[in-house]
Amino acid sequence: MGRVTGATASHGCASRSAELAKKALGIRPRSIAGADAKPRPGILEQGSQGASRGADSGAIDWVQTLLRGRPKTREDLAHKARKSAAQELWLVLIDASASTRRHQALSDAKGLLAQLFDDAYRQRARVAVMTASGSTPQWHVSGAKASKALDQWLEGLGAGGGTPLLDALQEVGGWLEVRRKQFAQEQQRFLLVTDGRLKELSSLPRLNCPGLLIDIERGPIRLGRAQQMAVDLELDYQHIDG
């Protein structure tokens, strides 16, 4: 069997990162219970395309025009409604505790995050980024448009200290609740990168946000807690190694 060269391994990691980033960005917001699924403009303000707005110019909607009766003046013409694109927010929580240094776990996760930030920048999405390491979680971006400055910050991100992940999740839950009141039509998605090495999982909050947990736990002895964490947080689950 031929040896895997460094270039081949690097290409494989890059492809895997792109695949995971694509999966993360592909998560769609959960449908609102009881929402009318019929594509009638202006009924569901939190639809995937945002609230519809009436138009007084542009393409003529002949069906709606004729339903009003035979048009006699320009004012009798109905125009097709324009839809404003709903703003997207990507909230990323990175477990950067000391345990994530093992077996290049955080290092490989940074490749995935670089791909995701680049995709968010191209799609003009907003991002919020928090790290959980040391004694307290720390916000680095909180709802700004994705920018290339994230690449430089990510390059310098290291791991160390404890795992204030529970505190971080509690803070994320409160932040999302306030954010929803400010931006009711915003499509929010959540990405959690962690090895799941917590002492207990009994106090996980309800985030009510669709998302994905990337498990970066590696090594011969694995606790396997990240998968249960994903279940409790109602997130999709994926190990970084597939």
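Start by selecting strand β3 (residues 88-95) together with β4: the two pair in the parallel sense over seven bridges. Strands here are DSSP runs (E, at least two residues), as helices are runs of H or I with at least four, numbered from the N terminus, and two strands pair if DSSP finds at least two bridges between them.

A word on what you are viewing: this is a predicted model, where local features need pLDDT of at least 70 and side-chain atom pairs count only at pLDDT 80 or more, while totals for chains, interfaces and linings use all residues. Residues are numbered from 1 along each chain as its sequence is written, and side-chain values use heavy atoms, leaving out hydrogens and water.

Now zoom in on β4 (residues 126-133), where six of the eight residues are buried, meaning under 20% relative accessible area with a 1.4 Å probe, protein chains only. Click Met130 in β4, the bridge partner of Leu93. Met130 also has a bridge partner in β5, Trp139.

Follow on to strand β5 (residues 136-145), which pairs with β4 in the antiparallel sense over eight bridges. Two residues lie between β4 and β5 in this hairpin, and Gly134 in the turn has a positive phi of about 70 degrees.

Finally, colour by pLDDT, the predictor's confidence in each residue from 0 to 100. The protein's mean is 78, but residues 1-10 are below 50. Where pLDDT is low, the predicted coordinates should not be read in detail.

Technical notes. Contact means heavy atoms within 4.5 Å. Buried means under 20% relative accessible area, exposed over 50%, partly exposed in between (1.4 Å probe, protein chains only).
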